[in-house]
Amino acid sequence: MVVASVSCIYGLGSPDEYKDLTVSLRPGMEKDRDQVISELIDIRFDRAEMEFKRCTFRVRGDTLEVFPAESDDTALRIEFFGDEIDRISEIDPLTGDRKCELGHVTIFPASHYVVGKEKLMNACQLIEEELVEQVKYFKSQDKLLEAQRISERTNFDIEMLKETGFCSGIENYSRHMNAMPAGAPPYTLMDFFPDDFLIIIDESHMTVPQIRAMYHGDQSRKGTLVDYGFRLPSAKDNRPLAFEEFESKIDQMLFVSATPAQYEADHELLRTEQIIRPTGLLDPEISVRPTEGQIDDLLNEIRGVIEYGRRLNEGKSIDAEDSYVGGKVLVTTLTKRMAEDLTDYLREAGIRVKYLHSDVDTLERAEIIRDMRLDVFDVLVGINLLREGLDIPEISLVAVLDADKEGFLRSATSLIQTVGRAARNSDGRVIMYADSITDSMQVCIDETARRREIQQRYNDEHGITPTTIRKAVRELISISKSIAKSEYDLEKDPESMDRKELEKIIKDVQNKMQKAAAELDFESAAMLRDKMLELKKFLLDAE
């Protein structure tokens, strides 16, 4: 089983080439240490005596230790006796303790973009030929800067490929690496599967449109890079599958969604409804209230829910193993500005509140949700992120402001998904603030009532009392803080820095940007430039 994001339809290297370049070893095989080291280097493994991590190896006399690409906590120890492999063991990479002995091991390449030396030389020749044509084209259009830029960039990459077999952005030459014609569908993760496989698409009402949109978005971005001489035209073939190409690779598919869209309806052979919950939980009751005075009404409701939650949890210690029972509120608004203003208003009213929108990075979102479950605050305000996949059993009230403003954020699908956030709690309910009931609202109200009736009938027949879902609070990804710190080596948030600290950081980022540009790593240079401009805004505020 492979769990992947929508990126599974993006270009990868050839599965046949990947398979051919695996290194297969077994005890008793006649192969000396240096030959194995050479093969590991060919498949993009690095020698690392100090930091032993994935995709590296180290040498200890007649013993070779390899950290495979697919492993997190197990390395390989290969012991030689002369020109023969004497023993292969699995070891703990930290302590070096032997776990077990192996009769055979296959070491997979460290990159999907690996090819044999002969194919690599042929690819370099094809890249050089394309470069000549592109430089010629730019000069004919009197685009001398673009001609110089693409020439320097590509010649540097060709030299790197010839000397090391790899270069930054090697995936942009995948068409030449795989010797494929222009415009041909790229190899993707699905090409690594056998002919008979099952695709399961979760939240298909959102994922299928993403698949449809990826190709066009990628081609637009790549077209800009090609037009300005940052990449050769063949870079456009390092792309996601077009939707029709994706459909041609489908063998069997299962769509999973609380709100299936038209595409699923048009292609389904069978639909199975999974409405009955073992916990007996009912879909929440929905009430519609006028928008006049909606904020004051909401504030009263929030206070009531919080007080009820405190009574439920009175005398209880809140921790990751035994989370809060209820008393939390989710509020969804139409705009980011409204979310921020409402958050400020509620905070001034003494409510513990935070807001969540697209400017909040993914790892911080997880931290905010975890804090809510651990009773750090009571109300979460958001826009479009409070729908699919947000599982907070402690939420007993969902408030939808301006529910009658028909559109993407207030479509039937969006409303049903938002209402579902209150379906994990036995006291869950929903308030829609609207002056009229739109078609989308009516569809949502009717569908929720239908599901509620089915569950209620089942509960009556089997004597089930609805019970709020109880589950431990999962720990955040441990690398969250280290990633944020190592990316720009920031010791603390820019907002809390004084003028001297900001000037020092800006200079450091500027040096990194200039270094990246000198190495023709223009993507990194652009990212660093954006970071520098962001820091300069903080500097202006500090003045």
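**View 1. The loop that holds Asp 375, between helix H11 and strand E14.** In this predicted model, Asp 375 is found in the loop that runs between helix H11 (362-373) and strand E14 (379-382). Although Asp 375 is not a glycine, its phi is positive, at about 65 degrees.

**View 2. The loop that holds Ala 179, between helix H5 and strand E9.** Ala 179 lies in the loop that links helix H5 (174-177) with strand E9 (198-202). Its phi is positive, at about 50 degrees, although Ala 179 is not a glycine. With a relative accessibility of 64%, Ala 179 counts as exposed, because the cut-off for that class is over 50%.

View 3. Val 23 belongs to strand E1, which covers residues 23-25. The relative accessible area of Val 23 is 3%, and this residue is therefore classed as buried, the limit being under 20%. When neighbours within four places in sequence are left aside, the residues in contact with Val 23 are Glu 39, Ile 43, Val 105, Thr 106 and Ile 107. Between Val 23 and Asp 42, which are 19 residues apart along the chain, the C-alpha atoms are separated by 10 Å.

**View 4. The packing of helix H3 against helix H4.** Helix H3 spans residues 117-140 and helix H4 spans residues 144-164; their axes come within 9 Å and cross at roughly 175 degrees. Because angles over 145 degrees count as roughly antiparallel, H3 is described as roughly antiparallel to H4. On the H3 side, the contact is made by Leu 120, Met 121, Cys 124, Ile 127, Glu 128, Leu 131, Val 135, Phe 138 and Lys 139. The residues of H4 that take part include Leu 144, Ala 147, Ile 150, Ile 158 and Leu 161, and among them are also Glu 146, Ser 151, Thr 154, Asn 155 and Lys 162.

**View 5. The whole chain, as context for the close-up views.** The secondary structure of the chain comes to 16 helices and 16 strands, and its C-alpha atoms fill a box of roughly 75 × 60 × 55 Å along the principal axes. Of the 543 residues in the chain, 43% are buried, while the accessible surface comes to about 29300 Å², with 50% of that area belonging to carbon and sulfur atoms. Among contacts between residues at least 6 apart in sequence, 70% join residues at least 24 apart. The chain carries 72 positive and 105 negative side chains, and the centres of these two sets lie 3 Å apart.

How values were computed
Residues numbered from 1 in each chain as written. Predicted model: local features only at pLDDT ≥ 70, side-chain atom pairs only at ≥ 80, totals over all residues. Heavy atoms only, no water. Helix = DSSP H or I, 4+ residues; strand = E, 2+ residues; numbered from the N terminus. Buried < 20%, exposed > 50% of the residue type's maximum accessible area, 1.4 Å probe, protein only. Contact = heavy atoms within 4.5 Å. Areas by Shrake-Rupley, 256 points an atom, 1.4 Å probe, with all protein chains shown as cover. Lys, Arg positive; Asp, Glu negative; His and termini not counted. Charge placed at Lys NZ, Arg CZ, Asp CG, Glu CD. Axes fitted to C-alpha atoms, helices over the stretch in contact; angles between N-to-C directions. Parallel < 35°, antiparallel > 145°, perpendicular 65-115°, else oblique.
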